[in-house]
Amino acid sequence: GSYRRTDVNASLNLPAMFNDTLSLKGTVMYRDGGGYFENTTRDAREGDTDFHGFTLSALWEPSEDFSAWLTYDYLRDDTPTRPVTSLTQAGEVFNAFCGLDPALCGNLPQDADANRRPTTTLEQRAYIHTDALTLNATWDLNDDHSLHAVVGWRDSDENAIQEFDGLGSDAGFFPFDGDFFWTQRPQDLEQTSVELRWQGDWADS
């Protein structure tokens, strides 16, 4: 369509190998386009999605008593922060920040056409990049007892710019000059978790 949205999902299951003890699966995901906002200040289309990633998983079952499932996720989301418009109404305190062009304020939530034409001045770049490994393992010791392990590792790098005021460059007054309220949120996180569990029935029912 006119918004040029592309969605792709694909999965591949490989035949079991090594005497049917190992199974492999791969999945890819892709999202692009679809933005339907027209920024009248920056003369640019906004709201596009920009995401791609893949998942690889392996299931190892060398015996009836033991299984291990390892998953790797590679996710890259470079979708910009979603556009916003100002819903401040006449008579409200923050209406004063509409400044030289009061028409920049006063959009109604139900006015879809107006809210598809944001007037923000910043290019609201954003991304979150994630790599993750997850291991689930189960060992059945006997009919009543089993050992379970869940091990996870995740590394995430994130940054996002967001202009919350929804105003254009003609709004506001010195020293704000249209960019009254905006934030940048960088984060770099790495997490490792381990869960070990003994599960069993210690007495006859």
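Trainee: Which strands form a hairpin, and how many residues lie between them?

Mentor: E5 and E6 form the hairpin, with two residues between them. Strands here are DSSP runs of E of at least two residues, numbered from the N terminus. This is a predicted model, where local features need pLDDT of at least 70, side-chain atom pairs count only at pLDDT 80 or more, and totals for chains, interfaces and linings use all residues. Residues are numbered from 1 along each chain as its sequence is written, and side-chain values use heavy atoms, with hydrogens and water left out.

Trainee: In what sense do E5 and E6 pair, and over how many bridges?

Mentor: Antiparallel, over 11 bridges; E6 covers residues 66–77. Two strands pair if DSSP finds at least two bridges between them. Within this pairing, Ser57 stands opposite Thr71 in E6.

Trainee: Which strand does E2 pair with?

Mentor: E2, residues 22–33, pairs with E5, residues 49–63, in the antiparallel sense over 12 bridges. There, Met29 stands opposite Gly53 in E5.

Trainee: Where do side chains point in a strand?

Mentor: In a regular strand they alternate between the two faces of the sheet.

Trainee: Changing topic. How many aromatic pairs are there?

Mentor: Four. Rings of Phe, Tyr and Trp (its six-membered ring) pair if their centres lie within 6.5 Å; planes under 30 degrees apart count as stacked, over 60 as edge-to-face and the rest as tilted. One of the pairs is Tyr36 with Phe37, stacked at 4.7 Å centre to centre with 20° between the planes.

Trainee: Is Phe37 buried or exposed?

Mentor: Phe37 is buried, because its relative accessible area is 14% and buried means under 20%, exposed over 50%, partly exposed in between (1.4 Å probe, protein chains only). Tyr36, at 40%, counts as partly exposed.

Trainee: What does Phe37 touch?

Mentor: Leaving out residues up to four places away in sequence, its contacts include Ala44, Gly47, Pro83, Asn115 and Pro118. Contact means heavy atoms within 4.5 Å. Phe37 itself is in strand E3, residues 37–39.

Trainee: What lies over the face of Tyr74?

Mentor: Arg76, at 3.9 Å from the ring centre. A charge sits over a ring if NZ of Lys or CZ of Arg is within 6 Å of the ring centre and within 35 degrees of the ring normal.

Key:
Helix = DSSP H or I, 4+ residues; strand = E, 2+ residues; numbered from the N terminus.
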